[in-house]
Amino acid sequence: MVHRLESLVIRHALRLPAPAGPAGQGDIAARQFDAALMSVGFKLSAQALRELSGLSEGAVVDTAVRTLDTVREMSGDHVRHNVYFKDFPANVPDTFEFWTRCVREALEDGKARSSVLAQLRNGVLNLLTLPSYGTYRHTYEEMLAAHDELTAAVGDRLTVLHLGGPLDAEVTALYLALAGSTTPLGEEHLTDLGVLAGHCVDGPQPETIPVRENRAVVNAARVKAGSGPLLDTVTDVLRLACVLADGDVSLQEPTRFRSLSRPVRRALLAGLDSVVAANPAKVADVRLHREPFKRLGERLHPHEFPQWPYAAEVFAVARGDKRVSTFDGRIEVLLGAGDLTGAVALLTSAPGKLLRALDRLLREAATQEERDAVVAAVERVAPEVSGRVLLSVREHLHNRAEEAGRRRVFVNRLGRAHVADDARPAVPEAERKRLIALLDAEIGRRLPVTERLLVGPDVLDVALPLSGRATTAGLGVLPRGSRSPVEGELLRFFVYWKQAQRVTDYDLSALLLDEDYETVSWLSYTNLRDMEGEHSGDITDAPDGASEFINLRLGTVRGAYIVPQVNIYSGEGFEEAEESFFGFMLREGEQQGRPFEARTVRMKSELRGPGRVALPLVFCRAQDGSWHARWLHLYLKGAPAQNQVENNRASVATLLRGIVEREQLTVRYVTDLMANGGTDVVPWDAGAVPDGPVTYIGLERPEGLHPDSVVITPENLRDLIPE
């Protein structure tokens, strides 16, 4: 358990919990540890190196073993990355030449000859039936022997691990940060929160847990420990039941409830009863999730507990035995009757719903008086709305300008995306501008006041993480919509997957588009070599894990966009496979080395989405020829099998246009508001840091910052979202 907790702190905070152990002469072991970290793109801070040097050699070695396991997994170096073409990226054959060679070898194989001849007579040949196609023809060690050692370069990644406090203090701080997050967490972070909540159930707790999914995970730990859950809606109880059943806490997917122990049944029923007893109107929320409540009632047996009559009422509503009107239903009745002013007046009692309905209300307002009523209502309730909702509405209004494009991009909570024509009437421009000014003022009022703010320039175009589901777990991953510079001559993508039970074939591809989003070319198993780069070869079965790579020379790329994608050709989905992840590396033109080198990895993210085509990010060329990455974290539904880059070019281009042309709220927006509020905002150029405490926002924490400084990096960027 200690190893797992240490790993969580390192992954989430890039902090090495202060090692425990006897004092000694560990300086040599500490330097060796630092060198081993550098070989995979990490490094100890000066303070961490000094601390380890004062420990015994055994304590340093134990720490090194555990830490190296964690950071290797973070960068994808914990598995063996082999390639089909041993010399990749050198000596990759022409596609037709390669396929011809595979056919020739099959005809020389006595077992395969008759089958191949029969296929050739029919005029259609299945590559997967050729013995030399799709499986490694050499060992991992033979592949390593074919490559020179990687030469160090200034541009190699070095992620610094800073010294933290004692493990218990670091774990508690991480738990409080995740549990008290003002934005929803991604699936991986919710899982981590569950581990931390179980460990910290008897320790300090956050003052508030504003996100319902986070609260459900914490409540599950409390119930398992025999403590009372924190509940104030009937849906809180349903979410808690889903977590206890290992189901979907977001309530988007159906949960199969298991038999529950009597103490758990009592806790859930007592919770339902107390919520409805305190506010009987809350029973109306049951209608939003009638089916799951019905299924839950079958497991809770509320008739066995007559002391909780309000809980029984919840399930009567779910079964339809008792009718109640919902808040949303009352709003629809008013709007249907043309009483927009009445609907606005009712919505002021639910400020969040008012803000979310803002676009519709403005479009349906028939008179200036009604439009003024909408704006006035927003002005009254804005101080009561969460910062995340304010920011989301602010971003929405910015993209609803009359001159904006008429395409809508829909992305659900799981990253599934599609695009549709926007047939909505425009939002009245005068009200749009008034509301933007109103929201800017309210958001600015909530931002922290600090005398001096240091800002790394590369963080300014990082999108605000309004939802943890707008990103994925991994190394160097940024929220959807973020822009980050790409500096290097060689860009190399990689995908790794390991099947759990069935033969599984993932295909790494790269689609090249011009300024008008028209196809220029692509690299895939059907086009192994082009003037831009090379594909490492198709692997079609991964019982022990498999990797594919694409190597691109940025200086020769035709077009304006590079869209890497992972297509599931056959077998297990991303969520079914034992492991699957994508990433990219950057190298200088003369750097050699193996196909995979951990210290050149700039990003590695897990593939755990619901679709059959993954679109992690896109690379965009600016007018001056420079490149930047635009983060997507999207999944297309795709076909059940045989997905290929050639077949989804149109849908990818359409989606890409909608994403690229949409503007996100970024860190720059927040720093501009802070500057307007009187904060001294200073760009930080990686020089000397101030002696006193400061607030710092950047992609990485600088060494030497005062210990009382407030530091915000991508690992805790959610802290920028005001409550």
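Asp 34 is buried in this predicted model, with a relative accessible area of 7%; buried denotes under 20% relative accessible area, exposed over 50% and partly exposed in between, with a 1.4 Å probe and protein chains only. The residue lies in helix 2, which spans residues 27-39. Helices (H or I, at least four residues) and strands (E, at least two) are DSSP runs numbered from the N terminus. With residues up to four places away in sequence set aside, Asp 34 touches Phe 42, Lys 43, Leu 44 and Leu 49, a contact being heavy atoms within 4.5 Å.

The model is a prediction in which local features require pLDDT of at least 70 and side-chain atom pairs count only at pLDDT 80 or more, while totals for chains, interfaces and linings use all residues. Residues are numbered from 1 along each chain as its sequence is written, and side-chain values use heavy atoms, with hydrogens and water left out.

Strand 2 (42-44) is an edge strand, as is strand 1 (15-16), each pairing on one side only. These strands belong to an open sheet of 3 strands with the order 1-3-2 and parallel pairing; two strands are taken to pair if DSSP finds at least two bridges between them. Strand 2 is joined to strand 3 (residues 159-163) by 3 bridges, and the two run parallel. Within strand 3, Thr 159 is the bridge partner of Phe 42.

Antiparallel pairing is found at strand 17. Of the 6 residues of this strand (residues 601-606), 5 are buried, so strand 17 is largely enclosed by the rest of the structure. Strand 16 (residues 579-587) pairs with strand 17 in the antiparallel sense over 5 bridges, and Phe 584 stands opposite Met 603 of strand 17. Strand 7 (residues 474-475) also runs antiparallel to strand 17, through 2 bridges, with Ser 605 of strand 17 as the bridge partner of Gly 474.

Over the whole chain, 23 helices and 22 strands are assigned. The radius of gyration is 28 Å, close to the 27 Å that the globule rule gives for 723 residues, so the chain is as compact as a globular protein of that length; the radius is taken over C-alpha atoms, and the rule is 2.2 Å times the number of residues to the power 0.38. Along the principal axes, the C-alpha atoms fill a box of roughly 80 × 75 × 60 Å. Buried residues account for 53% of the 723 residues. Of the contacts with a separation of 6 or more, 75% involve residues 24 or more positions apart.
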